[in-house]
Amino acid sequence: MRILRAIAAHPTGRIGAGIILLYLLLALCGTIGFTPHDPLQQFRIDRLQGPSATYLMGTDLFGRDTASRLMVGIGQSFLIAFASVGLASLFGTIIGLLAGWWGGWLDGVFMRSMDVLLAFPAILLALLIIAIVGPGTFTSVVAIAAVYTPIFARVVRGPTLSLKRRDFVDAARTFGSSEGYILTRHLLLNLVAPLTVQVTLALAWALLTEAGLSFLGLGTQPPAPSLGLMMSEARNLMQQAPWLLVFPGLTIMLGILGFNLFGDALRDILDPRTQRRTA
Amino acid sequence: MNPLLSVRDLSVGFGRDAAVSPVVRGVSFDLASGETLALVGESGSGKSVTALSINRLVDFGGGRITGGSMMWKRSDGSALDLAQADERALLGLRGREIGMIFQEPMTSLNPVHTVGAQIEEAFRLNRGLEGRAASDAAREALDRVRIPDAAQRMKYYPHQMSGGMRQRVMIAMALAGNPRLLIADEPTTALDVTVQAQIMALLAELKAELGMAMIFITHDIGLVAGIADSVMVMQNGLVVEQGRLDAVLDAPQHDYTKHLLGAVPHFTGGQAVRRDHQRAPDAKPAVKVEDLVVRFPIGGGLFSRGAGAIHAVEGVGFDLVPGETLAIVGESGSGKSTTARAILGLTEATRGKIATAPGRHGRPVQMVFQDPFASLNPRLDVKSLLAEPAIAAGMPVDSLLFSRMLQLLERVGLPEDALARYPHQFSGGQRQRLCIARALMLNPDVVVLDEAVSALDVSVQARVLDLLIDLQHEFGLAYLFISHDMAVVERIAHRVAVMYAGQVVEIGSAAAVLAQPRHSYTKRLIAAVPGVERRRQRYDVDTTPVPSLIRPKGYEPAPAEWVTAGDDHLVRAE
């Protein structure tokens, strides 16, 4: 509750939260089929129509309604982004937590393998995984999760190293608390703030990576709409039908902006240093 | 009198125009050349802000001078109002006419430059010395602050020096410009008591040598006695009392000054020890430690298997019966905290025997840490914090447990509604009470108190000590009380063990050890305790370095020889 109120009071956090809420609403409508038109139906006589009262954002080469397709596409992108970031944060947190807690050679093995993953540019690594497994929604989720797992592992390992030396962990040991109890109650609970911030920012990157993958034809497969795919289809028609490129592009840009603004606001709010200043 | 600095109605506030919160309100004082003014007050009293206003460092911390004047007599005789002076004029003043030393010498020295280079820089900036001249001056400066082997130490990095040495380096740098005023902001708070005495003695000598004025900021009114000419007591940004040293200390007028003087733990040299416990001859020890050794291997890379070890604790042994307090005293690095951690199993003992009372199940030894902020998980409420020992012991979380929590909270003097609150909603003293309650959840035999009252304000400290004594009577607890503060030790200990360089050098009843110390180190430790009533004694600067604890591989110290000095009083032969 306190955090929600703080975000509402944060100048840019408010904008970010507004954008995300709007997108969630659009995605929900798109997913349950509450769209202006059927996103897959081809209105042959209305091919390549500009924005109008009937087709808010115009139609594409096959006469499909861009606005309806965008709504479904947002839903698809969000699904992949949330699922992949969920997986990445889960595995990254476990790896980072155990590496930091156990230390020694295990830490070395875990973190060096994460470094290997980090050495590849994000999109290249995802391409590599998809090239091996084959394209599709599920593969996209796995590929993007693999790309962002090391970042979560790093974000978690650092604070774990300092938290495990804190007096309250020593105190827990003197009571004879189990390792599991210490890891969840004393370490994980104190990692909630940095993780929340990281998740929001990672959602923005995941959104972009997903768009990139489907632009290359390796994500969502046609005829299902997706933001990257729509831009890819529109790039040959840039001269005749610029709206086909402009609307998906703006949608991606605005979505990433929303998550970034929201993440920055969360960082400001959850940072203990700023908390102390306001207290 | 022709004052060097004359401050009138100084007011300082923090924050922007609309929301200036005043921190210092209407402070006035005069300071003559060669005089020392002590600024005394508890945290948040505005004493540091007052001092930082004089060289206007307060501007960089977000503060603004909102009123008053500070007339500074420059070396050419002209007067300058520091409250109005612009940054250019101040730049020429800082370091050259007004020097400053800070509380924490480690953070005020740059870790990537040698101390020699840093002192040379001070001479370059303030006196325009270059090359050889600067390095000669730096070496002389180190000599002046009594650092032995100055030429050698010039090449040291800050982390290679002890806290006391680093503070000397800071003083050498502050003196580089031959300032006519030195501002010392709690310069000894972060240091051990014997080192504190050395630094205080050094400051007193330098003041006499150089004839400079000094403003000495401290929260410890006992400390000002040896150095100040006049005292100014501050509370909530206001001066509540100011006057000559003897007048303020001997006949305090304001209630707050009396309160501060009363709250200072007085060390009386073993006259006021507890006499409420007599060891029964057949008493079974609650914990018995024999020949405890803790060594930390060093070096030990991939190819070299350990060059040696730090012998942190070497052959420590003692026993502790129910209802008794054994205080372990010593400086940082003496091994007293490592001993405690080894007893609790937080640090692995290299060898030795730690036996608790026979037939006792669970965890009979519990611990209260120094910093109550750090030893409570900030994300858990009091209910969860208190439940943890019980959960760890496999007890069910039921109404019985809650009634025990409430009972203990009440016993340590916390309100019932504390259960649903979080650590940050309590004051430091309350938080330490909470830690004590948590340690008592499992009915321990022994409570290890590792500097448990050191982080608390003096008045809070006294009340927590009283609580500890009451709890000891009520539950028959044995305390292992680890402290560097002799006055606190005198207040709570029945027996005292003095640790030096990893070994116990003297152990016995508190009355015997504190009143008739036999070992040279114990004598040194006791002589270094500052106090209001000891202000006319003077200490000599003692720079005996603590012996290195790093030993080559396979080193075994000679077995200890003990000399009996009394009924319950053993001293290690020197």
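In what order do the four strands of the open sheet in chain B stand? The order is β14-β11-β12-β20, with antiparallel pairing. Strands count as paired if DSSP finds at least two bridges between them. Helices (H or I, at least four residues) and strands (E, at least two) are DSSP runs, numbered from the N terminus.

The model is predicted: local features need pLDDT of at least 70, side-chain atom pairs count only at pLDDT 80 or more, and totals for chains, interfaces and linings use all residues. Residues are numbered from 1 along each chain as its sequence is written, while chains are lettered from A and ligands numbered from 1 in the order in which they are written.

In the chain B sheet, β14 (351-356) and β20 (550-552) stand at the edges; each has a single partner strand, so one side of each lacks a neighbour in the sheet. Neighbouring strands are turned by 35° against each other on average, direction ignored. Three bridges join β12 (residues 308-320) of chain B to β20(B). Within β20(B), B:R551 is the bridge partner of B:A309. Helix α12 (residues 336-343) of chain B packs on the sheet and touches β11 (287-298), β12 and β14 of chain B. Contact requires C-beta atoms, placed from the backbone, within 7 Å. The direction of α12(B) makes about 110° with that of β11(B). Angles run from 0 to 180 degrees between N-to-C directions, and axes are lines fitted to C-alpha atoms, for helices over the stretch in contact.

In chain A, the axes of α3 (residues 66-102) and α4 (residues 104-119) come within 7 Å and cross at roughly 145°.

Conventions. Two residues are in contact if their C-beta atoms, placed from the backbone, lie within 7 Å.
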